[in-house]
Amino acid sequence: MSALQRFENFMERMLEGSFTRLFRSSVQPAEVARRIERAMETNITASIGHQYTPNEFQVRLHPEDFKTFEPYLPRMVREMASFVRETAQERGWELIPPPRVTIRGDAAVPRHAIEVDSRLVTTASPGGAPEDIGYQPTAAMPIMKPRPRPAAGPPRGPVAPPAQPAAAVRLLAGEQAGSVIPLTGALIGLGRELDNDIVVEDSRVSRHHARIVFQHHRYAVSDLDSTNGTFVNGQRVATCVLAANDRISLGGFELQFVL
């Protein structure tokens, strides 16, 4: 069971009865967890042989949505911090403990929207002051930190991250068959739910069916424990590196990966 599934199961047990009814008209806690996961994915900091994920997350909600969360904040943010730890472990990212999640109301955030800022806070040296590299917005691309400078010789400048190659998916089914949708981020969610990057209104497709990730200089598609499965060129996959013109099936809804 994935970290996200464990978090969703915990919230389902926690949100029984009247609390569940209260959340029907507001932001769902699982949506917040998915946005935090996306911030972890898109704000990786790389150094020699290591990939660090942010360890502090500030979630901002419209004040009316925040009211729903407020009475349950202590327990909820603890579980979200556990979700961050488990996700980092699953994905092989290094996490400088302890992770911290805060949730607050912000009138600048539209109703039902979720804004997540993330940052990596480290300790410069034993006994030294914390080094804060600053909040990173969720839409940011992966960050490559400068390599450490040698003890002697001219200093090295920042190492630029490799460019993400242009890619897209072409719809092969439905009313918009033939349409091409560019992949404009490092993490693209696909499914029926409106918070996905690519919303597929097909009954065979799960609410959060799959995601396409650009990482380690390549694109890959991962199934999110969907009901009807994710297939690449006819083979059911959990995770699969994509090549140009691969056919992706979301439970029978066909797309083509264009590179």
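Two strands pair if DSSP finds at least two bridges between them. With that in hand, let's walk through this predicted model, starting at a hairpin.

**The E19 and E20 hairpin**

Strands E19 and E20 (residues 253-258) are antiparallel partners joined by four bridges. Within this pairing, Leu250 has Phe253 of E20 as its bridge partner. Two residues separate the strands of the hairpin, and Gly251 in the turn shows a positive phi of about 65°. E19 (residues 247-250) also pairs with strand E16 (residues 230-232), again in the antiparallel sense, this time over three bridges. There, Phe231 sits opposite Ser249 of E19.

**Aromatic side chains**

Searching the whole structure turns up two aromatic pairs. One of them joins Phe214 and Tyr219: the ring centres lie 4.9 Å apart with the planes at 50°, so this pair is classed as tilted. Together with Phe257, these two residues make up one aromatic cluster.

**His208 and its surroundings**

His208 lies in the loop that links strand E13 (198-199) to strand E14 (210-215). Its side chain makes a polar contact with that of Arg34, at 3.3 Å. Leaving aside residues up to four places away in sequence, His208 touches Arg34, Leu190, Glu193, Asp195, Asn196 and Leu224.

**Burial**

Why do His208, Phe214 and Tyr219 count as buried? The cut-off is under 20% relative accessible area, and the table gives the value for each residue.

| Residue | Relative accessible area | Class |
|---|---|---|
| His208 | 14% | buried |
| Phe214 | 10% | buried |
| Tyr219 | 3% | buried |

Notes: Residues numbered from 1 in each chain as written. Predicted model: local features only at pLDDT ≥ 70, side-chain atom pairs only at ≥ 80, totals over all residues. Heavy atoms only, no water. Buried < 20%, exposed > 50% of the residue type's maximum accessible area, 1.4 Å probe, protein only. Polar contact = N/O pair within 3.5 Å; in protein donor to acceptor, adjacent residues only side chain to side chain. Contact = heavy atoms within 4.5 Å. Phe/Tyr/Trp six-rings, centres within 6.5 Å; stacked < 30°, edge-to-face > 60°.
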